[in-house]
Structure formats: structure tokens, C-alpha cells
Amino acid sequence: MALSLEVRKALPGFTLDVAWEAGDEVVTLFGPSGAGKTLTLQCLAGLVRPDAGRIVVNGTVFFDGARGVDVPTQRRRLGYVFQGYALFPHLNVRDNVAYGLRHLIASARRERTREVLERLGLADLASRRPRELSGGQQQRVALGRALAPDPALILLDEPLSALDLPLRQALRDDLRAVLAEWRTAAVLVTHDFTEAYRLGDRIVVYEAGRVIQTAPRAELLWQPASERVAGIVGIRNVLHGTVLKATPDRIQFSWRGQLLEAVNSPSRSYLPAPDSALAFFIRPEYVRLIRKDRGSPDPGHHMNLMQGRVVGEADFGTTWTLYVRLDAPGAPAQGEYDLEIEVPRLVYEILDLARDRQWQLSIHRGSIHVLPSS
Amino acid sequence: MDFFPLWLSLKVSVTATILTVATGLPLAWVLALKRFPGRDLAEALVVLPLVLPPTVLGYYLLVLISRQGAIGRVLDAAGIELAFTWRAAVLAAWVGSSALFIKAAQAGFESVDRRLEQAALTLGRSPWSVFWSVTLPLASRAVMAGTVLAFCRALGDFGITLMVAGSIPGLTQTTPLAIYDLVQSNRMAEANTLSLIAVATVALLLMGIGRLARLRF
């Protein structure tokens, strides 16, 4: 599967202008609501006609604004799982799944329907109507209906948003397994980063009708292309310092009166000039608290040392989030605090964090991520 | 007593209803789903027969289908006589009842979730196939209700029929016209019987609509 998409579509008060490519993988379109993700899927499926652009799937040109090519939806043969599933309410599960198999002769159609129902564990529900099914079952039927004609590419619009939270997490992994098992390339739309990350091999980040980054999922999490991507992806502790010295391997900078050192990425060759502003982020779970009962800190192990005080905390069940204000003059970087730190519940209890509020912190230079200015 | 008017009314109403559904279905679909210039005018024209006095409607219709009329001349050349035949009664019933059917069917088509039709297209079905397998079945209650309403209206037409088909006993005299005639000539018992049958038929059909409205997917 190879997909290349370039689409421009102007609507009142909103313009979609995006271009991205995908291969044999699950791509998630991620971004806030109203960023143009669903509109992109509709253009891909031929349900909405772009003003300009080009859409090519597996060498077949579906749309080419310049040459006036626009293949109608029914001849694109893409699977489409709609938000809320859009199952046919007047047909039972079997007939819903068989709906896209009209091109087969009756016996082949029955055989394929049976196979799909079997593989998705829907055989027992074959005679039920959609309204008699739970949300999770409806999702399976929608998947089965879209997968039955064996499309080269399946499009999924917020496939989990109609479900309650606990079920949603279970079905997220379930969906991942189904997509892997059916070896179908997929484009999936979601506004939930956890979903985008769990389901997508590759993530396309949308904001206000534009793509602001396309990257393999791990890269997105560790090397967001800009502060805006970091913000949309939900990265915490996005901070601003001043460059002291930058080399291809290291960047030294000052922040809140502290001298910090971060690993630079040679591949990005980002070398900001001294005294220029620098954005960076520190993942809350990578800030270390230095134990007071373990003797003096080893300078070779602990780096980027800071002193601070826990000024607030939040209990998330399995983890605690601590809000730390540094012992440095001036206003804290994030309102009442400078850093957000996440510790497992066990650590919170062992270190007696409920009572002991004054701590020495350390952040490995590999855990400070510099954001290229956008 | 003479039961010919009942038989004629049945024949006229069934034929007119078939005509109404056949012509009204595509029109209702277009009005429900398509945006085109002149759409407001088309909607107004569809509703017009509901509010115009039947005699006015009948008069214009007669002007059109009489031998000198635009349609009548063409039909005359083809050797077809329309005015003052039972076919004119069908025409009258069709004109009188189409609006009821079209508005009901249009509302039915409008209430179908467009995403269901889109889903059907993505599954490789042509728009024609999507209409018959998704749009129409999902709008079927409204379409059925519209059909029954149109049939009842056709059964009860008086004014338009009188103008274009006359009230020729044994030829174009439908039940409502026959009842009027019977009352005029003071044959109350027969008028009573015909009226009762008409009321019972329509009441049964309307009860049928009530049942349809409760059907759910």
C-alpha cells in the first residue's frame, strides 16, 4: 500500500491545506477537534471533493484537481468506519457485513460473510439488529463490514470515541490486534494522543487545517518538531531558557538561574547562537529525587542538580504528580511552580513525600529535550 | 342500490395512488437531497394544490386537457380522449393527492442519516442501489404513511373531479359525487350506506398508518 495525499479545501471560516504520505502501516491523524482530520478522510473516500490537490492510492489516481480526475466513492473501494459506526439499522449483523459483497456470487458472498463474522467473534450475533448490540459489538460489526470486501486501505474516524472509558481502553488494544491480523493499511483519526500512540505506527499531527509534523510515533514523543507540536501532543514542562553554548552533541543553557546541559541531536544539527531563546521540555517521570539517606550525591551520576520544594501535589491513583518550586529568586516558570514531577505511588510512600517536601532534584542531560524553534 | 360509484372510486384511487407514488418518489427525493436554483419555487408549486380551491384547480386542469388545451390537443391528435372520462378522474385525484405524498416522503428522506448513504457508497454500491437498499427502506414508514394519505385524499376528491370528469352516472360518478347526487334527490338511505362505507374504509386505512408509525427498526 502506498498513499500520497495533497489536499486543499476551503470551507466558510476554515481551510484545509495538507499533504502527507503513508506506506504499509497504520497512520493516525491526530490533533484537536476541528483541525480537519475527518475532512481529510472524507476527501480520501471521495465523500467531499477537494478544491485542489492530488490523491493517489497504490498507483491509482483517485483525485487530481489539475487534470479533473475524481473517482466516485463507490469505485474507490476503501473501507470506512464512521464515527458512531453508521450501521444500517434496518439490517441485521449478517446483512450489514454482507452489504459490500454484492459483486460476489451468492455462495461466495455467504462464505465470506461467515468467515468475517467468525474471525471477529460475531457469529453468535449474526441475526441481531444493530440497536440490540453494545457499543463494543457495534464497533466490531462496523469493522467487519468495512473489512469484508478486503479493501487495500481502511479509514477509521474516531473508532473509539463512542465508547465508555474502561471499554475504550480494552477495545483500543483489540482494534490494534485486528488491524495487525488483517494486515490492512489504515488511516485512523483521533483527538486522543494515547490512542494515536497506541494504534499508529506513524502519526500525522494536525492543527487548524494544517499538518505540523509527520513522524514515526516514538520520534513524535521524543522529538516533537516544535513547541506547538509539544503542546498538542500534551507534553508537560515545556520551558524556556537562554543558550550559553551549543555544539552538535550538547547544548548548555541557563534557566531560572540554573546552568543546565542537554543532549543535542546531531541528526538535527540544531545550533542556536549564544544568548538566543531556547525551548525545551523535561518529562515529569524523568526527574529524579535524590535520596537523603544515600550519602553525598555522586557528581558523575547526578547532573543538572537543583534544589526545590514541593508546593502542590495530585493523586492519580497509581502515580502522584508533584509540583516543585525551585529555591531560586524570581517568579516560577509555570505559575506557582517550576517543574511537574511524576513518581510511582510506591516511591511516593517510600520517600514519605507526604511529609518531606524539600528535595534535591537531578535531571540527566539525555532527559532534557531541546525543541527547535518553529 | 348502485355500487358502481364504489367500484369506480376504488379503480380511480388505486390508479391515481400508483401514479402519485411513481411521480412523487423521485420528486420528493430531489427536494429532500438536492440543492438547485428554483428549488423554493418547486416546493411552492408542489404545495399549491393543497391550498388552492379545488374548483380553481379543476378549472385550470380542464383548460389544459380540453380539446383546445395545450395537453388536450396533443392527446386529441393521438386519438386519446381525457376530459370527462374516468381517466380525467384519475388525473384529478393525482393532482389533489400528490402534495400530501411528496411532503411526507420528502420528510422521510430528509430524516435518513446521510452517513448511512455515504457508508453504503464506500462499500461499493452505486447511488441507485443505495437509494433502494438504504434510503427508501429507512424512509419507508414516511413513504407508506404518505401513500395512505394520498389514497384517502384520492378517494375523497370532489371538486377537481367534478370540474374535469363531471358526474356522469355509470361513467365518471365517483362515490363523493354519487353521495352528493343522492342527497340532492333525497335518497338518504343510500347516501347513508355509501357514506358509511367511505368512512369505514378511510378509518381503517388511517388506523393502519397509526400502526406503521409505531413500527421501529
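**A friendly note on chains A and B**

1. Chain B contains eleven helices and zero strands. Reading from the N terminus, its elements therefore run as α-α-α-α-α-α-α-α-α-α-α. Please keep in mind as you read on that this is a predicted model.

2. The chain has 217 residues, and 40% of them count as buried. If you take the contacts in chain B between residues at least 6 apart in sequence, 75% join residues that are at least 24 apart.

3. Which residues have the most contacts inside the largest nonpolar core? They come from both chains: A:Val81, A:Leu155 and A:Val187 on one side, and B:Leu61, B:Ala92, B:Ala105 and B:Val164 on the other. This core has 154 residues, and helix α5 of chain B (residues 86-110) gives the most to it, with 15 residues. As background, nonpolar side chains tend to be buried together in soluble globular proteins.

4. Leaving aside residues up to four places away in sequence, A:Val81 touches A:Ala142, A:Leu143, A:Ala146, A:Ile154, A:Leu155, A:Leu156, A:Asp157 and A:Pro159. Among these partners, A:Leu155 is itself one of the residues with the most contacts inside the core.

5. Chain A also has an open sheet of five strands, in the order β14-β13-β12-β15-β21, with antiparallel pairing. Why is one side of β14 and of β21 left without a neighbour in the sheet? Both β14 (258-263) and β21 (368-371) of chain A stand at the edges and have a single partner strand each, so one side of each has no neighbour there. From one strand to the next, the twist averages 45°.

6. To find one of the pairs, look for A:Phe281, whose bridge partner in β21(A) is A:His369.

7. The domain assignment divides chain A into domain 1 (3-231), domain 2 (235-282) and domain 3 (284-363). The C-alpha centres of domain 2 and domain 3 of chain A lie 21 Å apart. Their contact takes nine residues from domain 2 of chain A and 15 residues from domain 3 of chain A. On the domain 2 side, β14(A) gives the most, with three residues. The residues of that side divide into three nonpolar, three polar and three charged.

Technical notes
Residues are numbered from 1 along each chain as its sequence is written. Chains are lettered from A and ligands numbered from 1 in the order in which they are written. This is a predicted model: local features need pLDDT of at least 70, side-chain atom pairs count only at pLDDT 80 or more; totals for chains, interfaces and linings use all residues. Helices (H or I, at least four residues) and strands (E, at least two) are DSSP runs, numbered from the N terminus. A residue is buried if 20 or more other C-beta atoms lie within 10 Å of its own, exposed if 12 or fewer, and partly exposed in between; C-beta atoms are placed from the backbone. Two residues are in contact if their C-beta atoms, placed from the backbone, lie within 7 Å. A nonpolar core is a set of buried Ala, Val, Leu, Ile, Met, Phe, Trp, Tyr and Cys residues joined through C-beta atoms within 7 Å. Two strands pair if DSSP finds at least two bridges between them. Axes are lines fitted to C-alpha atoms, for helices over the stretch in contact, and angles run from 0 to 180 degrees between N-to-C directions. Domain bounds come from an automatic or database domain assignment. Ala, Val, Leu, Ile, Met, Phe, Trp, Tyr, Cys and Pro count as nonpolar, Asp, Glu, Lys and Arg as charged, and the others, Gly among them, as polar.
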